[in-house]
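Thank you for asking for a second pair of eyes on this entry. Please keep the sequence and the coordinates open while reading the note.

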Amino acid sequence: ILGKGRNSCYYDGSDTVSCPPSLGYLLGDEGSGNHIGRCLIKDFFSGCMPAELASVFSCQYHISHDAVLDALYHQPQPNRYLASLASFAIQYSSTPYIQTLLANVFNAYFQHQVALLSTLTRQLALVGGIAHQFAAQIEACANQNGYSIVQIRKALIEPPIKK
């Protein structure tokens, strides 16, 4: 699952055989919308985001130090706030900065989550909005990490976009 959060398991066709623990949005969620949002916020405040994108990001999401800290520490569901920022990556996915950010995010997903299942399988089926939106980037990272994507769905009840 790659959406606002993330999770993974190995399903043998009838049972879930292995399910690495999820460490939640604070310590894990590599590859998720939450992770993308965290990276965008960190890069914005550390000056790593290109100035022209930082300006758009700041205006579009009303980013200020106080507003971000309020959303993260005083408002309900900070994970959803962070995940909502992933739409910026969707909007600017063709820029070199976002392409690099996404490669880092999805490589972290493969290294910290999927690798825990690597003795069981090298083929993956993914579901979720982030998986669907960034299918090409995820497939590139999967190939670089020795995995193949056999299916990606936006939701479990949707038809697959890839076989």
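1. Basis. This is a predicted model, in which local features need pLDDT of at least 70 and side-chain atom pairs count only at pLDDT 80 or more, while totals for chains, interfaces and linings use all residues. Residues are numbered from 1 along each chain as its sequence is written, and side-chain values use heavy atoms, with hydrogens and water left out.

2. Helix 2. Helices (H or I, at least four residues) are DSSP runs numbered from the N terminus, and helix 2 covers residues 33-46, 14 residues in total. From its first C-alpha to its last, helix 2 reaches 20 Å, close to the 20 Å expected at 1.5 Å a residue, where the expected span is 1.5 Å times one less than the number of residues.

3. Burial of helix 2. Buried means under 20% relative accessible area, exposed over 50% and partly exposed in between, with a 1.4 Å probe and protein chains only. By that rule helix 2 is mostly covered, as 10 of its 14 residues are buried, among them Gly 33, His 35, Leu 40 and Phe 44.

4. Ile 41. This residue of helix 2 counts as buried, at 9% relative accessibility. Leaving aside neighbours within four places in sequence, Ile 41 is in contact (heavy atoms within 4.5 Å) with Phe 57, Ile 63, Val 68, Tyr 81, Leu 82 and Leu 85.

5. Cysteines. A disulfide is a pair of cysteine sulfur atoms within 2.5 Å, and a search of the whole structure finds zero of them. Cys 39 is in no disulfide, since the nearest cysteine sulfur, that of Cys 48, is 11 Å away, and that distance is too far for a bond. Cys 39 counts as buried, at 17% relative accessibility.

6. Aromatic pairs. Rings of Phe, Tyr and Trp (its six-membered ring) pair if their centres lie within 6.5 Å, and planes under 30 degrees apart count as stacked, over 60 as edge-to-face and the rest as tilted. The structure holds nine aromatic pairs. One of them joins Phe 57 and Phe 88, edge-to-face, at 4.9 Å centre to centre with 65° between the planes. Because Phe 57 lies in helix 3 (residues 51-61) and Phe 88 in helix 6 (residues 86-91), the pair ties together parts that are 31 residues apart in sequence.

7. Tyr 109 and Phe 110. The ring centres of Tyr 109 and Phe 110 are 5.3 Å apart and their planes stand at 70°, so the pair is edge-to-face. Tyr 109 is buried, with a relative accessible area of 2%, and Phe 110 is buried as well, with 1%.

8. Asn 107. This residue lies in helix 7 (residues 96-112) and counts as buried, at 17% relative accessibility. The side chain of Asn 107 makes a polar contact with the side chain of Asn 145, at 2.7 Å; a polar contact is a pair of N or O atoms within 3.5 Å, where within protein one must be able to donate a hydrogen and the other to accept it, and residues adjacent in sequence count only if both atoms are side-chain atoms.

How values were computed. Helix = DSSP H or I, 4+ residues; strand = E, 2+ residues; numbered from the N terminus.
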